[in-house]
Amino acid sequence: MVRPTRPNSGPGTSDGPEDEDQQEAKGREVSHLQQSFELIKSFSSEAWTYRLPLSIFVTHELAMGIRDIAEQWMSKRYTWPIRKIGYILAAQTLLSAVIFASLPKIGTYLARKRAISTAVKDLFLVKYTLAAAVIGTMMIAFAWSRELLLCGLAVFAFGVGFHDALKSYVTAQLQDAAHISRLYMWISLLEVVANMVNGPFWALIYTLALHIGGLGLGLPFLICSGVFAGTLLLVKLLG
């Protein structure tokens, strides 16, 4: 009688437990990939859901990139030394700080005396700050004298408080704290991207303005005013 031979357990034969470990490892990898894909899909869906407020934040940040060339531009157009321009911009910053500090009182007045909701008040402040930015940069673009430039800078200073007002308005529409935190994450991410674009973009516009010369030197602030105006149009879509 011939006994059945046992299978060879040499190196060429796979071990059962090892196969199970490999399958589990592959299963974990597939699971991680699926989770990553779902996370990316979820984030993309959220970004599309918040596309309007995110677009408003991005376009505003792009327009604010004009600050990167403001000193060189003012020095070139009005033949001022950089030190003097630094004093002027510091005075503008101080004015902006005073205006920013007064915004809560303005908001309280609008909410109580005018009997409007917090959302309406925030939206009004968003539009008001953008309107000031549009007018201020337009004045700077066509400022043929130093006095008009200073007036334009003063008007532009009233554009402070945009981010806080818009964030307050947008977050008031959201009930879930997780959605609010993810929206803030998207805002921060897109602001970083916008700041990366700002440097080369405004440097290119400034170089083009130098080539044009004359009234063409106002081109950067003219474009900036147009971007602010576009942002204001997007805000009007909110309500």
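Tutor: Before we begin, a helix here is a DSSP run of H or I with at least four residues, and helices are numbered from the N terminus. Please keep in mind that this is a predicted model.

Student: In which helix is M196, and is M196 buried or exposed?
Tutor: M196 has its place in helix α8, which covers residues 177-212. Exposed means over 50% relative accessible area. Because M196 has 60% relative accessibility, M196 counts as exposed.

Student: Which residues make the nonpolar surface patch with M196?
Tutor: The patch has an area of about 530 Å². Besides M196, the residues that make this patch are L189, V192, V193, V197 and F201.

Student: Where around the axis of α6 do its buried residues lie?
Tutor: In α6, the buried residues are L149, G152, L153, F156 and A157. They cover an arc of only 140° around the axis, and therefore they lie on the same side of α6.

Student: Which helices are included in what covers those buried residues of α6?
Tutor: The cover is described through contact, which means heavy atoms within 4.5 Å. For the buried residues of α6, the cover includes α2, α3, α4, α5 and α9.

Methods
Residues numbered from 1 in each chain as written. Predicted model: local features only at pLDDT ≥ 70, side-chain atom pairs only at ≥ 80, totals over all residues. Heavy atoms only, no water. Patch = residues over 30% accessible without salt bridge, like charges linked within 9 Å, V, L, I, M, F, W, Y side chains within 5 Å. Areas by Shrake-Rupley, 256 points an atom, 1.4 Å probe, with all protein chains shown as cover. Salt bridge = Lys/Arg side-chain N within 4 Å of Asp/Glu carboxyl O. Helix = DSSP H or I, 4+ residues; strand = E, 2+ residues; numbered from the N terminus. Buried < 20%, exposed > 50% of the residue type's maximum accessible area, 1.4 Å probe, protein only. Arc of directions from axis to C-beta.
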